[in-house]
Amino acid sequence: RGEGQLLENFYANSCPNLESIVRQEVSTKFTQTFVTIPATLRLFFHDCFVEGCDASVLISSSSGDAEKDAKDNLSLAGDGFDTVIKAKQAVETQCPGVVSCADILALAAREVVVLAGGPTWEVELGRRDGLISQASRVTGNLPEPEFNLDQLNTLFARNNLTQLDMIALSGAHTLGFSHCDRFSSRIYSSPIDPTLDSSYAQQLMDACPQNVDPSIAINMDPETPRTFDNVYYQNLIGGKGLFSSDQVLNTEPDSEPTVSDFATNPGNFNAAFITAMRKLGRVGVKTGNEGMAVRTWLMILLLVFMMMQKGKGQLSETFYRTSCPKVESIVRKVVTEKINQTFVTIPATLRLFFHDCFVEGCDASVLISSPNGDAEKDAPDNLSLAGDGFDTVIKAKTEVEKSCPRVVSCADILTIATRDVIELAGGPSFKVELGRRDGLISKASSVTGNLPDPNFNLTQLNTMFAKNNLTQTDMIALSGAHTVGFSHCSRFANRLYSFSPSSPVDPDLDPTYAQQLMQACPQNVDPRIAINMDPATPQTFDNMYFQNLVTKKGLFTSDEVLFTNKASQATVIDFANNPGDFSGAFVTAIRKLGRVGVKTGNAGQIRVDCTAFNS
């Protein structure tokens, strides 16, 4: 009954480019973080097994009682949600009000399998989005890591999936990760689970010692965790299934022959996986007049997104090709000279750019000086901005004016300088979009509430960044800029001396690191004393910041929460292990940051003096 009238060519006339649009968005997201792949695939499975494949898992509730808020769904990585939302936004620009979120999720699940080296298949389409999303309806509808074969078969059979389908879908565990608390009973019970290979059990103990933070995660496939292949089944034969519900597939006589077949014949596994995924995609679907084609909540989100996009204007990488062709080389020369004078130029310029964009948009309003002390730079949150950042932009503007008077904005010079300090610190290079104009408003009162606080939690961080059209992945990537720079003792002293009545020191701080911080910042020390934010490589733009978070060496609460919160932890681990993933995501995020609230065309002005509005 639930299969309705799904068709492979459902959108052939109404949205013919649908699949290529989704493929492009998924590919872009994948280049930012590998977590996109397991996160999207798992999101599809969790969606289909509760209310059917109707995108009910995507709903957000202000009361915290939607499907995604259920305990079993709290570990769903945010990159899966972000993938679908981005794809939906792109689809809406070409086919407004036509394609359901459920179909986009089904297509995205296919795309991530292909990107990971797995098989492709034709996706049946025509689902409509569900009207129910309740946390209470999740319980009992998702498999547990301790399930035996009978429990697995019973749960899958309720969704019209056979034992063969179940074993094939379990092969998706060749990708992704799991938290220690999901399998710790296998390695710390007495005796250790005898179906576990002894060497593998020791590896798990080393990675997940007793009493470790249960949110620590490890790869589910210890051999090829980034490739969709049949090694999962080979692992089962070798006693290296992470969950009991994985290993039981090989230890039970009824399922063992299928495991052996898939381990030996990747073609058989791929074929069975395709069949199972197509059947999974039919579970409980809404079609015809059921549900809704386009959710109201997502349309509202899209309208907000489009309003934000208005600020992007006509930025172009070649904006000054004719009017000031040497602008980038001029700025680079000044920045290089300034760095030779002081390393502080690097973090100071980078932080100045961020603080500018998050208040009035990227319009150099933070550079304005006021004799009344009421400009943006005079706000309490901006008083710690180092003077070397301002000096870098002012010097660069002076040099640019000699070659191209009244042509290049201070906002664009700050943007170029930011790219240059990143590259000169060892970070990635990237093309800078140009064409901003300088703002006409600079008020200290506008700053309050627009910059992240060092004590922010993940929700507060995501909310603030989302206001600027930046995703959680963008936020985590941009936080990686804390790999350079410093902070004053007063910004984190509460983590050392007054965290809570029961624990003066934040338990999320590594004890040795906490002691180092206390020695550098004793109680009642001058609060202006500053220390490096990255205790390992403070003068190199690298992924060490994320490695620090994994070992509880994040300086701010708002840093460490990126690792302690399960919704963001996977991205931190990915960036800690894969510098290329971090660099790619950072470039994407910093380019997006540079589009926030920009003035173009006839808006604003081109200042002659970056510190003063034109008279």
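Is D388, at 21% relative accessibility, buried, partly exposed or exposed? D388 counts as partly exposed, on a scale where buried means under 20% relative accessible area, exposed over 50%, and partly exposed in between (1.4 Å probe, protein chains only).

The structure is a predicted model, in which local features need pLDDT of at least 70 and side-chain atom pairs count only at pLDDT 80 or more, while totals for chains, interfaces and linings use all residues. Residues are numbered from 1 along each chain as its sequence is written, and side-chain values use heavy atoms, with hydrogens and water left out.

**Salt bridges**

A salt bridge is taken as a side-chain nitrogen of Lys or Arg within 4 Å of a carboxyl oxygen of Asp or Glu, and by this rule the count comes to 36. The partner of D388 is K338, with 3.1 Å from N to O. K338 lies in helix 14 (residues 327-341) and D388 in helix 16 (residues 387-403), so the pair ties together parts that are 50 residues apart in sequence; helices (H or I, at least four residues) and strands (E, at least two) are DSSP runs, numbered from the N terminus. K338 counts as buried, at 5% relative accessibility.

E19 and R110 meet in another salt bridge, at 2.6 Å from N to O. Because E19 belongs to helix 1 (residues 18-32) and R110 to helix 4 (residues 101-115), this pair ties together parts that are 91 residues apart in sequence, and R110, at 3% relative accessibility, counts as buried. E433 and R591 form a salt bridge at 3.6 Å from N to O. E433 lies in the loop between helix 17 and helix 18 (458-466) and R591 in helix 25, so parts 158 residues apart in sequence are tied together; E433 is buried, with a relative accessible area of 16%.

**Disulfides**

Seven disulfides are present, each being a pair of cysteine sulfur atoms within 2.5 Å. The table lists some of them.

| Pair | S to S distance |
|---|---|
| C180 and C208 | 2.0 Å |
| C410 and C610 | 2.1 Å |
| C489 and C521 | 1.9 Å |

The S-S torsion of C180 and C208 is about -65°, so the disulfide is left-handed. C180 lies in the loop between strand 1 (177-179) and helix 7 (184-188), and C208 in the loop between helix 8 (198-207) and strand 2 (217-219), so the pair ties together parts that are 28 residues apart in sequence. C180 is buried, with a relative accessible area of 4%, and C208 is buried as well, with 2%.

For C410 and C610 the torsion about the S-S bond is about -100°, so this disulfide is left-handed. The pair links distant parts of the chain, with C410 in helix 17 (residues 410-424) and C610 in the segment after helix 25 (579-593), 200 residues apart.

**Domains 2 and 4**

The protein is divided into domain 1 (17-125), domain 2 (149-276), domain 3 (326-446) and domain 4 (470-594), with bounds that come from an automatic or database domain assignment. The centres of domain 2 and domain 4, taken over C-alpha atoms, are separated by 34 Å, and their contact (heavy atoms within 4.5 Å) takes seven residues from domain 2 and nine residues from domain 4. Across the interface of domain 2 and domain 4 the rule finds three salt bridges.
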